[in-house]
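My notebook is open, and I am jotting things down as I look them up.

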Amino acid sequence: MSVREEFDAWAAEGREQGMEERHWHTARPILARIPVEDGDTVLDLGTGSGYALRALRERGIDAGYGLDGSPEMARKAAGYTDDDAVGFLVGDFDHLPFADDSVDHVFSMEAFYYANDPDRVLSEIRRILRPGGTFYCAVNYYEENVASHDWQANIEVEMTRWNREQYREAFREAGLHVAEQDTVPDREIEIPEASAFPHEGFADRGAMVERYRTWGTLLTVGVAP
Amino acid sequence: MSVREEFDAWAAEGREQGMEERHWHTARPILARIPVEDGDTVLDLGTGSGYALRALRERGIDAGYGLDGSPEMARKAAGYTDDDAVGFLVGDFDHLPFADDSVDHVFSMEAFYYANDPDRVLSEIRRILRPGGTFYCAVNYYEENVASHDWQANIEVEMTRWNREQYREAFREAGLHVAEQDTVPDREIEIPEASAFPHEGFADRGAMVERYRTWGTLLTVGVAP
Amino acid sequence: MKESLMEIVCCPMDKHDLELDVDERDDGEIISGTLTCTDCGESYPIEDGIPNLLPPDMRDDD
Amino acid sequence: MKESLMEIVCCPMDKHDLELDVDERDDGEIISGTLTCTDCGESYPIEDGIPNLLPPDMRDDD
Ligand SMILES: Nc1ncnc2c1ncn2[C@@H]1O[C@H](CSCC[C@H](N)C(=O)O)[C@@H](O)[C@H]1O
Ligand SMILES: Nc1ncnc2c1ncn2[C@@H]1O[C@H](CSCC[C@H](N)C(=O)O)[C@@H](O)[C@H]1O
């Protein structure tokens, strides 16, 4: 199934709302780290409901654009804001429709690993970032997060499962400096008492704690030279 | 009083141990973010007891050098490790005794604001960093952390109190890209019940919570282009 | 879409500038129209205010 | 100090290379000696294994 078909279906089911709610636990502290300034232009790759741009606008960025491969998702996102400085477009990670040196920061949450050719996406990001611009890439599907390993079974789009080091290497290969790498815990999700397990697919409480509090989401920050 | 006299006295009183213990609460999550690789050379500015380099060596860096303006502090730091790959030297922030493009990462914890000329220190750091090298600068003495404002009264070395934006501007002025800015909370320090206040100079519990859990330490990450 | 998007947007295939043809406008907003690459001539639709800049083969795969 | 420090260390004043004179060695460690700038000629002491590369006026201020 194509990205478009898969995520058009997600949008039809309203899944962008549940994602926003859950991803916000880790997106909030990550977005807070981005050194945005008034006047900046920010791009959100795989924007889903578009919540990240709405949040960054409250910090004064000049313009936010959300790109998504699913027309239905982009339509949903557009419906959630009437802020003139936030816009959405349909496009593919591998073929970014943005000019060279045109963007100050790129953010992407739980989306990068769906790319058809992640190395190419990194080159594209490097191309569109202004010197000193950052790429904040957050992924919860990654090698060290063992609980994520079986997610591929539930989705027909092929996913890339790199480890921490592979992320750093791929960023550098694409010409981005690696400024930071961090596992950002989800401190907000409720984890019930041990007696409630199995719960949400976790055999025991320890496994759920490890999944959320330890591995959370992997953040890699790249900077254009 | 000179930096040397002030901190030689701190070292004589053994204060480097209390600082290590307290600063570790925020230093640990900050050090974890630095994307060090095997083979890297890391510099710790205002190293105190030298704990940061000992921690980074466990992640496999090739060499760590701790610089401190206090000969007594450097002697103490040297006494805390017998790792051949960690070395200490006496020097001043404004006059870094390192060659151009010689260091992969610079770390500095609760020390930068003692510099005589902080803009000059940033230029010096920019000079010694290899392209893509990072400067992780953590300061708990800063404008937004109002509880820190009266610290100057207890120390004769003049301190620089910038706000978040001034840090970003000064980094850029020195030619560093700003990759990240974050307030890193101290989640570990024990904060007693409301009835125990006044406590450690805080009038009430709320003030202590704000000081540690909200403002913690301000991290600004610069990257050499 | 806002006309200001034109400042940064380009053809996803060859990265050349796009030319905007507006069919319908509402306030400052472009509701429908076409973006055409000034180099390869490929055109991309704007529908319900949202430009579709998928590569043509991904756009038309249904 | 380790001799490997020589690879990255320089004169704090003019950033020129330093020359190492060893007075005392213990295993690989240089316990005491002098670092001298190959350009300005300023010299910096190594004592108890720790080089003191403070600018001369800050070193001698007591
Ligand atoms: N190759 C690709 N190009 C563009 N968008 C893609 C894509 N692969 C996946 N996506 C989009 O990426 C999103 C992943 S879901 C994450 C949504 C949002 N960032 C959040 O945090 O909740 C989906 O909306 C999906 O349509
Ligand atoms: N101008 C300067 N040059 C070099 N070192 C300085 C300095 N000003 C202050 N220092 C050193 O910076 C240290 C600050 S105390 C912090 C120590 C350690 N980083 C920790 O986190 O615990 C002291 O050891 C002091 O001697």
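**Ligand 1.** I started with the backbone of Gly46(A): one of its polar atoms is 2.7 Å from a nitrogen atom of ligand 1. That counts as a polar contact (a pair of N or O atoms within 3.5 Å; within protein, one must be able to donate a hydrogen and the other to accept it, and residues adjacent in sequence count only if both atoms are side-chain atoms). Gly69(A) also uses a polar backbone atom, 2.9 Å from a nitrogen atom of ligand 1. With His23(A) I looked at the side chain, where a polar atom sits 2.9 Å from an oxygen atom of the ligand.

**Ground rules.** I noted that this is a predicted model, where local features need pLDDT of at least 70, side-chain atom pairs count only at pLDDT 80 or more, and totals for chains, interfaces and linings use all residues. Residues are numbered from 1 along each chain as its sequence is written, chains are lettered from A and ligands numbered from 1 in the order in which they are written, and side-chain values use heavy atoms, with hydrogens and water left out.

**Chains A and B.** Next I checked the contacts (heavy atoms within 4.5 Å): 23 residues of chain A touch 23 residues of chain B. The two chains bury about 1700 Å² between them, 46% of it on carbon and sulfur atoms. Buried area is the accessible area (1.4 Å probe) lost on putting two parts together, summed over both. In chain A, the residues losing the most area to chain B are Arg33(A), His177(A) and Ala179(A), together 27% of what that side buries.

How many salt bridges does the rule find across this interface? I got eight, a salt bridge being a side-chain nitrogen of Lys or Arg within 4 Å of a carboxyl oxygen of Asp or Glu. One that I looked up joins Arg33(A) to Glu180(B), at 3.8 Å from N to O.

Which elements of chain A give two or more residues to the side touching chain B? They are α2 (15-33), β5 (129-139), α6 (164-173), β6 (177-184) and β7 (217-223). Helices (H or I, at least four residues) and strands (E, at least two) are DSSP runs, numbered from the N terminus. The largest share, six residues, comes from β6(A).
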